[in-house]
Amino acid sequence: MRQPSVRFRPSDVVDFVVVGSGAAGGIVAKELATAGLTVVVLEQGPRLEPRQFEHDEFKYFFRSGIVNDPELQPQTFAPTPNEEAKKDAGVLLYARLVGGGSVHFTANYWRFHEIDFVEASRHGPISGTGFADWPITYAELEPYYTKAEWELGVSGTPGPFDAPRSRPYPLPPLPVKSSGVLFERACKQLGLHPQPTPLAILSQPFRGRNACQHCGFCFGFGCEFGAKSSTLYTVIPVAEATGRCEIRPNSYARKIAMEERTGRAIGVVYFDDHKVEQLQRARAVVVCANGAETARLLLMSQSRRFPDGLANSSGLVGKYLMFNGYCTAGGTFERRLNDWKSVADSRMVHDFYDTDPARGFYGGGGIDARFAAYPIGFALGGLVGGLAPDAPTWGPEYKRLLRESYSRTMYVAGHTTSLPLQSNAVSLDPLLKDAWGLPALRFTYQYHPDDVATMRFMQVKALEILEAAGARRSWADPVQAPNFSVHLLGTCRMGNDPRMSVVDRYHRTHDVSNLFLCDGSSFVTAGRGQPTCTIQALAYRVGEHIVEFARRGEI
Amino acid sequence: MLIDAVSRRAFLAASCGAFASVWLPADPDELRASLAYAARACQAAHPPAWDFFTPAQAADVDAIAAQILPTDDLPGAREAGAVYFMDHSLATWAQQQREAFSGGLAELNRQATHRWPGAGRFAALSSERQTELLHVIEQTPFFQMMRLHTVTATFANPSWGGNRDKVGWRILDFEDRFVWQPPFGDYDADAAK
């Protein structure tokens, strides 16, 4: 078994405690440790080695294999704050292990476009929403996108709608799948501009890691070859090798410890793996716990000085939760695609990325050809794909269709914008507790009408593509109820105005000078469905700035 | 409306499609025992004794599963051993669903007797009558639960006690491997020519 390279005692005052070891936390830890600072990373989940990942759909998708378990950490949901939030009515889902969401994500790795940062001034305002510009631009983030792609390992080819980039991708695209061949042909016929999907999966060996072996178990699974560019295989080992960073698994943060007199953070209180409370002392705290748990941790850290939750003078902690719209159309073809092999998707278009005022609504997105349905999920039908909605659900014809379709189906998926609504929010349930006795996470969410209009528009485009691709049969899947997401964005938004945002342009909370937040919670707008690339670019950027602040004694 | 905790969790699975925890978490010892059981069950020439079902209940469950994923020129849920998966799960990590199973089966048999007095339990009915009765109840939480369990048992990893000899995956033409090489399907093969 692995031994941590360094162990700190909770009573040691380290330079930083980082809460969360995922897409952002792993990078922040590595940036701080390699700059000479001492770091303890508190991760609520276990540490698994690549050989411990399994191809076990039942365990991973139905028994909370590596994700938050609703039995231990229940949640409540209602569409609006005025309705009673009910248990098990919805779920904000995240990977709960060292590496976090970067372990089990599908690894779509899209940069934002320039427009994403300045959309509100271009297309806004939109009444009843918190639609706003980011306090940073694409140009400011570009060096960190490049750093993420080159340090972590991303495979792709620049496309015609990409924002300017200082370097190409470090690795060529992964092999095209049958869905990609059909999609590319159809899109060209329709005058669109298909391109290989950029993926944080290695098409060739890179920095001592294996290339993808095309097993087909990306979405929802950990990669047993280490070919997915998770922080678990990339930056976390680098952080540990410095001898200054301890990754501490099974450590569930419950409160940011504050010194009331100065209003400064002095560490983080967490439950260790025996459910015993510990206080890890530190000079500063960076929370990278994801867009649901970061907000929850601040709200749980309320005190006399911060009665509405820590760093919440704006009242916006937890507010403006955004998911990204996701909609699909399915099609079956004459011959075999076998799209259950290899990565989830290999071709996409960004022709409809921008808002077009002529459409009459705000929104846009990317469209890709994908198949990420495993046997049980496909047979049950649902979010990840299945038979056409009007197909029988049991009996001889059901079985015949399953048999015919599993290898002959693909989905054309729209990944779209979500407007920030203040009523879409993460909060603490007033009654329900988790298995540690902490307030359960409550969330409210409903679509803005423009979010739905965008998804409908994308489905029409998806059906056109399937038809042009020669699908024998195609259908639009029902748009899902907004009670489930793996994209957790916007709940501690970034901004220059302390009344309108939670963190500043360097991810420092407006209210507590030695408390930083960096993950999906920092997002001001939702982008178009693939947030991880931007989360990681932000993490590289914040890491660099925090190191500078520390050197100048400005924390 | 769905009434108990189990149904709520099944509802979550149906509404979320995936990523829902329908079954309670097992502790590591239970999991190990489950895997050992599955290994024994796969090797046994004769089916093991029932851990939870009565023989009559097992026959009914097997008949329902065989209606949901019938045997034709390819094996179905019966050959996949779906009933063994369910029996073992109810005896170990899905004990909270026992009532829903037992109650649902009792109600199904009550309806069978009401419709065809003297014809015996569900498992003894002709296939046509079984189909007819299942169509009557197909919107009920009980049937939805049976479908969920049958599909899961048939298509989950064999280590969970169903999908014997991977017959479920043969239905789908799916093969679980760690390494594939392009071309993956007919269309990318053609394009590569």
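**The interface between chains A and B**

In this predicted model, 49 residues of chain B are in contact with 53 residues of chain A, two residues being in contact if their C-beta atoms, placed from the backbone, lie within 7 Å. On the side of chain B that touches chain A, two or more residues each come from helix 1 (5-16), helix 3 (55-68), helix 8 (141-155), helix 9 (167-172) and helix 10 (186-192) of chain B. Helix 1 of chain B gives the largest share, seven residues. By class, this side of chain B holds 30 nonpolar, 10 polar and nine charged residues; Ala, Val, Leu, Ile, Met, Phe, Trp, Tyr, Cys and Pro count as nonpolar, Asp, Glu, Lys and Arg as charged, and the others, Gly among them, as polar.

Turning to chain B itself, there are 10 helices and zero strands, where helices (H or I, at least four residues) and strands (E, at least two) are DSSP runs numbered from the N terminus. Buried residues, those with 20 or more other C-beta atoms within 10 Å of their own C-beta atom, placed from the backbone, make up 43% of the 193 residues in chain B. Of the contacts in chain B between residues at least 6 apart in sequence, 61% join residues at least 24 apart.

In chain A, helix 12 (residues 532-551) has 20 residues and should span 28 Å at 1.5 Å a residue, in agreement with the 29 Å between its end C-alpha atoms; the expected span is 1.5 Å times one less than the number of residues. Just after helix 12 of chain A, Gly553(A) takes a positive phi of about 65°.

Residues are numbered from 1 along each chain as its sequence is written, and chains are lettered from A and ligands numbered from 1 in the order in which they are written. Local features need pLDDT of at least 70 and side-chain atom pairs count only at pLDDT 80 or more, while totals for chains, interfaces and linings use all residues.

Technical notes:
Buried ≥ 20, exposed ≤ 12 C-beta atoms within 10 Å, placed from the backbone.
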